[in-house]
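Reader: I have a two-chain model open. Can you walk me through it?

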Amino acid sequence: MMIELTHVNKTYGETVALKDLSLEIKSGEIFGLLGHNGAGKSTTIKSLVSIIEPTSGTITFDGKDLKENRLAIKQRIGYVPDTPDIFLQLTAAEYWDLIAAAYQLPDAQVQRRIDELTQLFEIAGKENETIENFSHGMRQKTILIGALLPDPDVWILDEPMQGLDPQAAYNLKQLMKSHAQRGKTVIFSTHVLDTAQQLCDDLAILRQGELIYNGSVDDLLATEPDQSLETIYLHLTGQKDNAALLNNVQTDGESHE
Amino acid sequence: MVSRMNKSQLKQLIKINLLYLNPQQTQQYRKKGKTGSAITAAILRQYLMLTILFLVLYSGQLFPVNFLKFPGLFTYYLGLFAIMEITQIITSVYSVFYNSQDFEAYAPLPFSRNAIFFSKLIVVGLSVTPFLIPQVALFILTGIRATYGVVLGAIWGVLLILVVLLLVFCIGALLVFGISKISYLQQHRKLLTSILVFLPVMLMFFSIFIINFTTNSSSATSVDVKPFALLLPFYQLLKAPTQVSQLLFFVAILLVIAVTLWLMIKFLLPTFYATKSVSVSKKKTRHHRYGARNLRRQLWHYNFGLIKDPNLLMQVFANNLMPIMMIMIVLMGGGRLSLAKVSANYWGAFILAGIFFAVFSINQASIVANVISLDRQNFSFINTLPIEMNTYLRHKFNFAAFCQILIMTVILVIASLFLKIPILFALILLASNIIAGILVSEIYFTRDLRRLNSEWTNVNQLFTRGGGNFMVMITLFLTIIAAVAVIGIYFALLMIPLISPVIINLVILLIAIIVGGSVGWHYHNKFWQQLDHVDIKTFIKTQE
């Protein structure tokens with residue numbers, strides 16, 4: 001599913017969250033959104049999943065305007081929010097039933113997918129506990145399973161690795177890869193550059209709501225051949241010389257020992 | 001050094017627990033820009049003021065009465081204040097021991113368990129002080145009127161009240177800790193919280209109910225009431241402490257307190273950490289058959305889960321239901337008022353009563369007025385799912401309106417039975433109340449969406465949206481004025497011999513249909529119909 005954002009702006013009063021953002025995300029690719037806190041990653045994702053309405057600009061999925069075809073497009077998206085603190089009153093099983101009802105999934109598919117996914121994410125046996133009793137990681141797994149349940153054309157994941165144990169994070173990465181290999185689209189935001197380097201075909205780097213890089217990871221690495229992705233990223237986003245501050249913090253800590 | 005550090009730790013822990021004591025009040029102070037010590041100082045000041053107020057108020061009220069001559073009244077006041085204290089103790093123990101949910105947070109910190117418990121006990125003790133004052137006045141006033149002298153009488157009174165306080169504390173704490181130890185409730189924490197939240201309210205409510213129905217109009221200062229046998233020994237102990245039987249009773253009370261405290265320290269408190277970290281995994285895993293079952297059922301179940309929150313129910317009860325129930329109790333007049341023989345000419349009055357009861361009962365603290373905001377972040381998430389917002393909100397409205405109408409219907413059915421309203425009139429009352437209830441629910445439901453708040457941390461923030469408590473009071477006041485005016489006009493018209501009562505009642509019915517129909521039509525066209533055509537964010541903006 002081809003996704004296009006054209007001149008998208010989002011403002012909250014005086015604050016500019018997104019400034020003239022234009023992106024193209026192709027079918028069958030894993031697309032990463034990078035940026036510091038407050039750079040506009042979550043705003044972009046929330047605009048894609050209809051949580052917020054851009055102030056101006058258009059978003060299309062396979063050429064269809066999101067505004068005009070909201071429900072049909074939502075039917076093809078699976079979303080994981082940045083915090084998994086939703087539907088805390090429900091048990092995991094009840095939450096997945098709700099998702100199944102929303103996407104009108106056939107019972108056999110739901111049963112099969114949940115059996116597979118609960119095994120994979122080692123959550124089997126906990127389905128009847130309320131989400132509020134889960135740890136952060138368990139909540140994340142529950143919401144992830146919900147997003148994977150309908151096997152949608154587009155996965156949109158806001159910092160999905162947060163709180164996951166290494167095994168679950170590995171599993172999710174494999175699922176993201178195989179999803180893209182099947183011609184479907186994965187969009188995710190992350191602060192972990194290694195993850196971005198490992199997974200992304202293309203990525204966008206945002207700074208204060210503006211797009212400062214859009215292209216493949218390889219192309220980005222080629223801009224400074226001897227440098228790591230971390231160094232290049234920090235250069236792009238305006239690395240600050242924190243050496244003096246870091247030194248002060250360390251010295252201060254030592255004097256308290 | 002260690003003891004000094006412990007003292008400062010204890011002081012800090014007390015400060016923290018004071019913040020937990022009344023979360024709503026703390027929130028109010030925060031809203032006013034107060035933080036840290038400023039809040040705890042304000043809370044302490046408030047308790048001090050309350051204590052002085054109670055002292056002045058009850059000393060003045062109790063001073064003229066010589067309770068030595070009225071053992072029944074003595075036990076009545078003792079019982080009444082003891083219930084107040086127990087309810088306060090349960091509420092405070094719940095707030096600082098359970099609702100604070102801080103035991104796990106303290107675990108990695110260098111605080112001793114004793115300091116943590118002691119600080120909490122001090123705060124519970126402080127919260128109960130204002131309610132203790134009337135009892136202090138009661139005991140000292142009765143003590144100094146006894147035959148053994150003013151000074152000795154006062155000292156004996158103070159000593160006895162301390163014993164009573166300890167006893168009341170033991171009962172309250174045993175109730176809370178005991179309930180929390182029931183293994184079923186340990187696995188159902190929400191139910192446990194509900195019980196701990198509702199127990200004091202129910203205790204207080206039914207005490208007032210019983211007092212209202214059992215006390216007669218006779219003057220309390222000239223005629224004694226029947227003494228409560230259970231509390232009479234305290235009166236006798238205060239009046240004649242030197243008698244052997246009274247001394248034995250005193251020793252027995254001390255023994256009961258000592259044993260209870262020992263049991264709590266030995267068995268209950270050490271396991272308190274374990275209670276906090278009860279694992280829910282003890283629950284048997286039943287096999288769940290998954291499937292895209294009926295969305296309506298799923299949403300009904302979900303919405304029911306939203307309102308099951310004990311704190312929310314407590315707030316709805318206190319802000320919305322309690323005033324209505326109190327007014328109904330007063331209106332029932334202790335079961336003496338009967339409408340069994342009401343004239344058939346007055347059927348229009350039951351239409352009006354049903355409408356005004358709905359208007360009066362549904363306000364911004366009602367479930368229907370907050371049910372969308374209760375979604376919090378879920379509401380945004382629902383936006384990402386392929387569910388029509390119209391369908392989602394309709395299910396939500398149906399659920400909330402059903403709950404609201406069910407509550408009103410139960411209250412009205414009970415009131416109809418107590419007031420002996422003829423069946424036909426009762427049905428008219430219920431029908432007009434249900435229809436008016438649906439329409440008023442629509443008004444508050446759409447208001448909730450207009451003023452949507454998904455970021456609330458305390459449910460009171462939802463109740464005070466818009467004009468806040470001031471608007472609630474104004475609305476309530478205007479509703480009462482309007483109700484009195486309309487019903488007054490109705491009865492005045494019925495007095496005019498030239499106009500047939502049938503015509504007056506039909507006009508009332510007609511006006512109700514026109515007004516109700518207009519409101520229904522408005523919300524159908526401007527709300528439900530519009531929801532189908534725009535996305536929810538744009539819709540909320542257009543409604544502002």
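Author: Below we go through confidence, helices, the sheet, the interface and the cores.
Author: This is a predicted model; local features need pLDDT of at least 70, side-chain atom pairs count only at pLDDT 80 or more, and totals for chains, interfaces and linings use all residues. Residues are numbered from 1 along each chain as its sequence is written, and chains are lettered from A and ligands numbered from 1 in the order in which they are written.

Reader: What is the mean pLDDT of chain A?

Author: It is 89, and 97% of the residues of chain A reach 70 or more. pLDDT is the predictor's confidence in each residue, from 0 to 100.

Reader: Where is confidence lowest in chain A?

Author: In helix α10 (residues 243-256) of chain A, at a mean of 70. Strand β8 (residues 185-189) of chain A is highest, at 96. Helices (H or I, at least four residues) and strands (E, at least two) are DSSP runs, numbered from the N terminus.

Reader: Is helix α1 of chain A buried or exposed?

Author: Eight of the eight residues of α1(A), 41-48, are buried, so the rest of the structure largely encloses this helix. Buried means 20 or more other C-beta atoms within 10 Å of the residue's own; exposed means 12 or fewer, partly exposed in between, with C-beta atoms placed from the backbone. Just after α1(A), A:S50 takes a positive phi of about 75°.

Reader: Now the sheet. What's the strand order?

Author: β6-β7-β8-β3-β9-β10 in chain A, an open sheet of six strands with mixed pairing. Two strands pair if DSSP finds at least two bridges between them. β6 and β10 (210-216) of chain A are at the edges with a single partner strand each, so one side of each has no neighbour in the sheet.

Reader: How many bridges join β6(A) to β7(A)?

Author: Four, and the two strands run parallel. A:Y79 stands opposite A:I156 in β7(A).

Reader: Switching topic. How many residues of chain A are in contact with chain B?

Author: 38, against 29 residues of chain B. Contact means C-beta atoms, placed from the backbone, within 7 Å. α3(A) gives the most to that side of chain A, with nine residues.

Reader: Which residues have the most contacts inside the largest nonpolar core?

Author: A:W96, A:A100, A:L149, A:I156, A:I187 and B:V368, in a core of 126 residues. A nonpolar core is a set of buried Ala, Val, Leu, Ile, Met, Phe, Trp, Tyr and Cys residues joined through C-beta atoms within 7 Å. Another core, of 46 residues, lies apart from it, with B:F131 and B:L132 among its members.

How values were computed. Contact = placed C-beta atoms within 7 Å.
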